Every structure is written in structure tokens, then in C-alpha cells.
Amino acid sequence: MLTTDNRQQITDNRQQIMQIILPIVIILGTLAGMESFSWFIHKFLFHGPLWFIHKSHHQQRSGWFEFNDIFSVLFAIISVYLMWMGRIDMDSKFWVGIGITVYGIIYFIFHDWFIHNRFKSFKTDNSYLLGIRRAHKIHHKSTEKNPAEEFGLLLASKKYFKQSTRSSH
């Protein structure tokens, strides 16, 4: 039979588990949300009214930075703001800020380093990475606002993963 102390201990254990699980769920949800949000703004804003900024990303870079990097700075500011606002109670704002930060780190490694070689790129035979690279290269085939396809960072059409790995090296 459960005593009051046992019930309280069970309740306390559940709360401790939720204090671990909830932030993980929020971070993973934010990552998924950022991929969807980024796809949307890339397609409809960056290749729309904000093309005057984003076009620098579709042109030959003359230095390490490009005007398009302003978008990364904006997301970093939003992320830091959310973490700052949620820091005292470690509430959902904090964990959403962490999720945006993690997405930004993934963006930097995947996009700036692996795809655009801002640093010496690493070699891989990983079919997922090669498919994402292929899709992004197709996106950059055009140096104009339109036509364009493949606006995601982590997700791309299946057709880019079906090609042999030899065709991407």
C-alpha cells in the first residue's frame, strides 16, 4: 500500500524526470520548427523581398563574410535574447533559445563549412551529407532570384539521395 511519503516520492521523481525531458522536447521541437521556418523564409522572403541581401550568398564571395550573414546575426540576437529572458526560471524561452543556437551551430557546420567550404571541407561518403550537398548545389545553380529550388538545410528531395556517391565528388 502506498503511503503519503511514497506518493510524494513518486510525484517528486516524475517532476525530476519532466525537468529533464521537457527541455529536450523543447530543443528538438525548436530544431524541427527552425528547419520549417528557415525553409519558409528562405523561399518566400530571401528569394522574395529580401533578395537584395540574400543575393550576396548566390554570388562569388570576395571575402570571408557576405551581406547575407546578417541573417545569422539576427537569429543569434534572437537566441541570446530568449536565453536571457528565460535564464532565471529556466523556462521554455531559455530552451527555445538553446534550440535556435543548436540549429545555428548545425547551420554553420553543415552549410558554411561542409557545403560552402568557408574552412577546408572534410571528405565523406555519407549518402545523407552528399545528398544535402547535391541539393544545395542545385539551389545555387541559379545566381538569380528565380528560378530556385531546394530551400531547406537538413531536408531535401529524395532524388538527391538516389544518385551514386561518385557523381558528387
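Trainee: What makes H4 and H5 roughly perpendicular to each other?
Mentor: In this predicted model, H4 and H5 pack at an angle of about 70 degrees. The band for roughly perpendicular runs from 65 to 115 degrees. The angle falls in that band, so H4 and H5 are called roughly perpendicular. Their axes are 11 Å apart.

Trainee: Which residues in H4 and H5 meet?
Mentor: H4 brings Phe110, His111, Phe114 and Ile115. H5 brings Tyr128, Leu129, Ile132, Arg133, His136 and Lys137. The residues of this contact divide into 6 nonpolar, 2 polar and 2 charged.

Trainee: Why are H3 and H4 called roughly antiparallel?
Mentor: Helix H3 covers residues 70-86, and it packs with H4 at an angle of about 150 degrees. Angles over 145 degrees count as roughly antiparallel. The pair is over that cut-off, so the label is roughly antiparallel. The axes are 7 Å apart, and the crossing is left-handed.

Trainee: Which residues make the contact of H3 and H4?
Mentor: From H3 come Ser72, Phe75, Ile78, Ser79, Leu82, Met83, Met85 and Gly86. From H4 come Lys93, Phe94, Val96, Gly97, Ile98, Ile100, Thr101 and Tyr107. By class, the contact of H3 with H4 has 10 nonpolar, 5 polar and 1 charged.

Trainee: What does H1 bring to H4?
Mentor: H1 brings Pro23, Ile26, Ile27, Thr30, Leu31, Met34, Glu35 and Ser38. Among the residues they meet in H4 are Trp95, Val96, Tyr103 and Ile106. The contact of H1 with H4 divides into 12 nonpolar, 4 polar and 1 charged.

Trainee: How do you know that Ile53 is buried?
Mentor: Its relative accessibility is 10%. Buried means under 20%. Ile53 is under that limit, so it counts as buried. Ile53 lies in helix H2, residues 51-54.

Trainee: What does Ile53 touch, beyond residues up to four places away in sequence?
Mentor: Ile53 touches Phe67, Asn68, Ile70 and Phe71. The C-alpha atoms of Ile53 and Glu66 are separated by 9.0 Å, with the two residues 13 apart along the chain.

Trainee: Why is Phe119 called partly exposed?
Mentor: Phe119 has a relative accessible area of 37%. Buried needs under 20% and exposed needs over 50%. Phe119 sits in between, so it is partly exposed. This residue is found in the loop between H4 and H5.

Trainee: What covers the buried residues of H5?
Mentor: The cover includes H1, H2 and H4. Buried residues in H5 include Leu129, Leu130, Ile132, Arg133 and His136.

Notes
Residues numbered from 1 in each chain as written. Predicted model: local features only at pLDDT ≥ 70, side-chain atom pairs only at ≥ 80, totals over all residues. Heavy atoms only, no water. Contact = heavy atoms within 4.5 Å. Helix = DSSP H or I, 4+ residues; strand = E, 2+ residues; numbered from the N terminus. Nonpolar A, V, L, I, M, F, W, Y, C, P; charged D, E, K, R; others polar. Buried < 20%, exposed > 50% of the residue type's maximum accessible area, 1.4 Å probe, protein only. Axes fitted to C-alpha atoms, helices over the stretch in contact; angles between N-to-C directions. Parallel < 35°, antiparallel > 145°, perpendicular 65-115°, else oblique. Left-handed = near helix turned anticlockwise from the far one by under 90°.
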